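Here is a short briefing to read alongside the model. Please keep the sequence and the 3D view open as you go.

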Amino acid sequence: MATDALLAASAMQVGIRRLLDRHPLLGGIVAQWRVAASDIGTMGVCWEGDRIALLYDPAFVMAITRDQLVGVLMHEVRHVVYGHCFMDPAEWPDWGALRIAQEVTVNEGLDDLPGQPIVLSDYPQLPLDTDTRERYGILATTDQPNAGFGDPTLDSHDGWRQLRENETMVTAQIRSAVDEILAGGINLKDDAEDLQRLRRRFPSIGNRSGSAMERLPQLTRDITVHELQRDLEARTGWARTRGYRFDRPSRRAPHLLGVVPAIAPVRRKVKANAVVDTSGSIDGATLASISAILSRLADTAEWTVVECDAAIQREYPFSGALDMAEGRGGTDFRPPLESAFLENRQTELVVYFTDGLGPAPRQQPQVDVIWALTKNGRPPASWGLVLRVES
Ligand SMILES: [Zn+2]
């Protein structure tokens, strides 16, 4: 049982990760939710404490393929971003028709779903290019309601009542997730239809027009390790600070060179954090490339290694080689870029090693940030410098 629970939790992480890769809009939204095991039978969205929560039944998750899981995750996020969870059954009296209209709409384009999903092709009377409300209108009847329609096999809609009761907060959470995704300049071509439906339902969210969003200037600029080294050398110029140096003769005791230090300009090192995104697996070659970059820059910077997946896991001074465990999944670029975290450590520069998918701060923090991208990753924000890590 315990093993199954762990395997299911891990499968959920893999599913969310795949969704992030394939559909960064839907994945980026679900990545902000609380994900919790439950005896719900299938999967479902609800409100828990102060957050949107995705509940999954470990037995259900273990019984389906990972790709089917991605389909079910899309089904769940779409129910929220299409506003289905806010449709009060009191206003949509033919519950069966409502369920069919909602299910066929979220299942559009998903051809690998478990069980017997309710799909558009079973309802030829429903037009292709329309939405849930219009489809309900076509299906709903007053004399012969569809109310006897059975429970869905794919997911549970029981938690929606709580979402409805917290609509303002639910909307605010979706808005904050979508704003960050849009600000990140991530390519959303595979999410165009979902983004359009989201905007239709929540006109206040992500209201930049699609074309304008695609034209958003990329403020990031590519640099090389060599340029970074030159930049660090420039800001750690010899004259900046004075300190004890044993390689210079002391003015008072010049004959005691090496014993009595001189007070002379010393090279100051930049306090820098090397954040490593451990949410995915990092292969040995990539780790070696990261170590090589840090070693090359060790003369000019004092590196603190920060391991972070969805949260900061470890922090230690860089000592020449890296060895880190595989992460737990879930990526969040924000914790190591928070002002308090940076101020406490007097950080001047952050080099973030990542493949680049996940929520990043909308605004550049008060320090320089370099997205050191592995595996052909894309920068997760529209600001910052970009360094390509060869591996
Ligand atoms: Zn559903």
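Two strands pair if DSSP finds at least two bridges between them. Helices (H or I, at least four residues) and strands (E, at least two) are DSSP runs, numbered from the N terminus. This is a predicted model, in which local features need pLDDT of at least 70 and side-chain atom pairs count only at pLDDT 80 or more, while totals for chains, interfaces and linings use all residues. Residues are numbered from 1 along each chain as its sequence is written, and side-chain values use heavy atoms, with hydrogens and water left out.

**Overall picture**
- The protein's secondary structure amounts to 13 helices and twelve strands.
- Of its 391 residues, 51% count as buried, where buried means under 20% relative accessible area, exposed over 50% and partly exposed in between (1.4 Å probe, protein chains only).
- Contact means heavy atoms within 4.5 Å; among contacts between residues at least 6 apart in sequence, 63% join residues at least 24 apart.

- Three strands form an open sheet in the order 1-3-2, with mixed pairing.
- Strand 1 (34-37) and strand 2 (43-48) each have a single partner strand and stand at the edges, so one side of each lacks a neighbour in the sheet.
- On average, neighbouring strands of this sheet are turned by 30° against each other, direction ignored.
- Strand 1 pairs with strand 3 (residues 51-56) in the parallel sense over four bridges, and Val35 has Leu54 in strand 3 as its bridge partner.
- Helix 4 (residues 66-81) lies across strand 2 and strand 3 and runs at about 45° to strand 2 (axes are lines fitted to C-alpha atoms, for helices over the stretch in contact, and angles run from 0 to 180 degrees between N-to-C directions).
- Helix 8 (residues 167-183) also packs on the sheet, touching strand 2 and strand 3, and its direction makes about 85° with that of strand 3.

**Helix 6**
- Thr132, Arg135, Tyr136 and Leu139 are buried in helix 6 (residues 132-139).
- These residues lie on the same side of helix 6 because they cover an arc of only 105° around the axis, taken from the directions from the helix axis to the C-beta atoms.
- Helix 5 (95-106) and helix 9 (192-201) are among what covers them.

**Thr286**
- Thr286 sits in helix 12 (residues 284-296) and counts as buried, at 4% relative accessibility.
- The side chains of Thr286 and Asp283 are joined by a polar contact of 2.7 Å (a pair of N or O atoms within 3.5 Å; within protein, one must be able to donate a hydrogen and the other to accept it, and residues adjacent in sequence count only if both atoms are side-chain atoms).
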